[in-house]
Amino acid sequence: MNVRIDPTWKSELDQEWKKPYFEELTEYVRGEYRNPAVTVYPPAAKIFAAFDECPFDKVKVVILGQDPYHGPGQANGLCFSVGPGVQLPPSLVNIFKEVQDDFALPEAPTDGDLSRWARQGVLLLNSTLTVEAHRPTSHQGRGWETFTDEVIMRLNNDRDNLVFILWGSYAIKKGAFIDRNRHCVITSPHPSPLSAYRGFFGSRPFSKANDYLIQHNQTPIDWK
């Protein structure tokens, strides 16, 4: 099967494309995109945008999300990110508030396109890479989770001194196998308005990530 994805990831995940679950997943997703009765996000060309924006050998930080946004014009293939000019979803508003507080900025960022983070080495990975419009979690249990588990496992096993930022119980559970002796794992409640005040605000994940990168002779991320 010909999967269009950054060459470093295509090579790293070479065996994954051939597995029966991925063949079944591909058939299902293609059928959903071709079905005129439903709308699926992100646009098909951006399903693997997180990988294309951040090659395997360039990853420094992994932020793990759950589903793509399911509203019109929001999902762009990077978790928590929206396209330029798109109104910021509530979780992203809270993420930017924490960036502002973490670095004592005069104001929070306003551009929700996080590709600027991805190009610096932040893999913005959703657990499920597609979703039906207005139906959150609609593509869960189809095989995406198996695929993204393998992505995390490859990073865990084949890279050293990465930072994994896990927000909320879902992400924390998914990243439970990450080797804490080999990598930095930063956890907190989710930035959603339902949980941000339970410990996300004030958790300073961005400066903590940069501190770790600097300690391991890597260039920090410009989160601003």
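Trainee: Where does H134 sit in this model?
Mentor: In this predicted model, H134 is in the loop between strand 4 and helix 6 (144-158).

Trainee: Is H134 buried or exposed?
Mentor: H134 counts as exposed, because its relative accessibility is 54% and the cut-off for exposed is over 50%.

Trainee: What about the phi of H134?
Mentor: Phi of H134 is near 65°, a positive value in a residue other than glycine. Most residues other than glycine have a negative phi.

Trainee: Which residue has a positive phi of about 60° although it is not a glycine?
Mentor: N161 does. N161 lies in the loop between helix 6 and strand 5 (163-167). With a relative accessible area of 25%, N161 is partly exposed. N217 also takes a positive phi of about 60°, and its place is just after helix 8.

Trainee: Helix 8, then. Which of its residues are buried?
Mentor: Helix 8 covers residues 205-215, and its buried residues are P205, F206, S207, A209, N210, Y212 and L213.

Trainee: And what do the buried residues of helix 8 pack against?
Mentor: They pack against strand 2, helix 4, helix 5 (115-118), strand 5 and strand 6 (184-188).

Trainee: Back to strand 4. Which residue is found there?
Mentor: E132 is found in strand 4, which is residues 131-132. E132 has a relative accessible area of 14%, so it is buried.

Trainee: What does the side chain of E132 join up with?
Mentor: A polar contact of 2.9 Å links the side chain of E132 to that of R135. Leaving aside neighbours within four places in sequence, E132 is in contact with E32, V38, T39, V40, H70, S138 and H139.

Trainee: New topic. Where does UniProt place the "active site"?
Mentor: UniProt places that feature at D67, in an unreviewed entry. D67 is in the loop between strand 2 (61-65) and helix 4 (90-102).

Trainee: Is D67 buried or exposed?
Mentor: D67 counts as buried, because its relative accessibility is 17% and buried means under 20%.

Trainee: What is D67 in contact with?
Mentor: Apart from neighbours within four places in sequence, D67 is in contact with N126, T128, V131, P136, T137, S138 and Q140. For T137, the backbone nitrogen lies 2.4 Å from a polar atom of the D67 side chain. S138 is also among the contacts of E132.

Trainee: Which residues does UniProt list for the domain?
Mentor: For "domain: Uracil-DNA glycosylase-like", the unreviewed UniProt entry lists residues 51-213. Over residues 51-213 the chain is 31% helix and 13% strand. The end C-alpha atoms of that stretch are 21 Å apart.

Trainee: How many cavities of 30 Å³ or more are there?
Mentor: The structure holds 1. The largest cavity has a volume of about 50 Å³.

Trainee: Which residues line the largest cavity?
Mentor: The lining is P42, I47, P68, G77, L78, C79, L124, L125, N126 and L129. By class, that lining has 8 nonpolar, 2 polar and no charged residues. N126, one of the lining residues, is also in contact with D67.

Trainee: What kind of peptide bond joins Y41 and P42?
Mentor: A cis peptide bond, with omega about -5°. Most peptide bonds are trans. P42 is in the loop between strand 1 (40-41) and helix 3 (49-53), and it is one of the residues lining the largest cavity.

How values were computed: Residues numbered from 1 in each chain as written. Predicted model: local features only at pLDDT ≥ 70, side-chain atom pairs only at ≥ 80, totals over all residues. Heavy atoms only, no water. UniProt positions renumbered as here; feature names shortened; annotations may be inferred. Helix = DSSP H or I, 4+ residues; strand = E, 2+ residues; numbered from the N terminus. Buried < 20%, exposed > 50% of the residue type's maximum accessible area, 1.4 Å probe, protein only. Contact = heavy atoms within 4.5 Å. Polar contact = N/O pair within 3.5 Å; in protein donor to acceptor, adjacent residues only side chain to side chain. 1 Å grid on protein atoms, 1.4 Å probe; cavity = no way out; pocket = protein on both sides within 12 Å on 5 of 7 lines; lining within 4 Å. Points joined across faces, edges and corners; volume = space filled by probe spheres on them. Nonpolar A, V, L, I, M, F, W, Y, C, P; charged D, E, K, R; others polar.
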